[in-house]
Amino acid sequence: MSTTRNPQLIVQPPLNGADPLSLAAYNQNFENIRALNTLMWQIPLIAMTLTGGLWFGVSSVSKEGGLSLLRIALLGVAAVGDLLLILVLERLRHIIGEYLSWLEDAYPRGYVAATSTRWFNSSKSAKFSFQLMLGFAAAVSFVLLFQMMLTKSDTHPAKATPKAVVAWYDADAREIPDGYEGLDASDTHPELLRMIGSSKGLNILDVGSGTGRDAAALAQLRHQVTAVDPSTAMLRVGRALYPGNNARWMSDAMPALGKVTGTYDVVLLSAVWMHVPPADRRASFSRLLDLTAPGGRIYMTLRLGPGDVDRAMWSTSADEFVKLATQREAR
């Protein structure tokens, strides 16, 4: 005859004879402190993502007009965000400290205090390091913010002059060809080539010729090309890159184009119009029409989007160009 014993669950609490409920509370609080500690170490990653993203946004946004306010707002959000994260860290570390005190009281024998007499190895050194980093980032944002608010050129792009763009092209003349010459003229201006068709010997004026890519390509098609640019450095680049073509190189600028004479079958402006100040555009367009032969055409590409005060770029639109043409026709 056999007997069956009912199995019994025997709990051996490690907390100096504590009951199962106390053990459960201990385990729960231990998991809570682990989660809070993980969160605290994620704060620097959140801060770097927030601050870095906003700083990149500031560097990407144009300085023209109302967009300056957007740049100021981004820096403000970055600074305030870092300050708020400092408070979040303070609160998290306080809660973690409360849990640590409870765990020490609940199980002193198994509690690891990790005490140290050195300041850099104290129990709150990690928190202080994170807060120092966030405070420095906030200070940088505030400095940039105040500097931007005090810099008049950031909020008054109308003070930019055409001389600024000439100076920019003169200074970067060696680097600019790497971007422009990477594209073939036929790929950049297919509509221009279709407009010209099989015609030969056209008299073409390239205003703002830059590296001379378009002027050289048109000269190779047996057209008479006059390449005009206000930057003497860019004219030197054009002559050096295309020494064998028959293009005529000339230093001149809108709105006057005083050195340019005669009339032309095609007047070409590729990514140039945004450099013409709005106040000079009516006179510039009128001068371009005077240089266009009867039956001739003006071919222009526009850079759409906000301006850039550093390069003396103003915003453009197709509607504005049509309005100028309509006003001239009505005269």
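In what order do the 5 strands of the open sheet run? Hi everyone, let's start there. The order is 3-2-1-4-5, with parallel pairing; two strands pair if DSSP finds at least two bridges between them.

A quick word on the model. It is predicted, with local features needing pLDDT of at least 70 and side-chain atom pairs counting only at pLDDT 80 or more, while totals for chains, interfaces and linings use all residues. Residues are numbered from 1 along each chain as its sequence is written, and side-chain values use heavy atoms, leaving out hydrogens and water.

Helices (H or I, at least four residues) and strands (E, at least two) are DSSP runs, numbered from the N terminus.

Strand 3 (248–251) and strand 5 (292–301) are the edges, each pairing on one side only. Strand 4 (residues 264–270) runs parallel to strand 5, joined by 6 bridges, and Leu269 stands opposite Met300 in strand 5. Helix 11 (residues 278–290) packs on this sheet, touching strand 1 (203–207), strand 4 and strand 5; touching here is contact, meaning heavy atoms within 4.5 Å.

Now the helices. Helix 1 (residues 20–60) packs against helix 3 (residues 125–150) at about 15°, with axes 10 Å apart. Axes are lines fitted to C-alpha atoms, for helices over the stretch in contact, and angles run from 0 to 180 degrees between N-to-C directions. That angle makes the two helices roughly parallel, the word for angles under 35 degrees. Among the residues meeting there are Trp41 and Trp55 in helix 1, and Phe130 and Met148 in helix 3. Thanks, everyone!

Key. Parallel < 35°, antiparallel > 145°, perpendicular 65-115°, else oblique.
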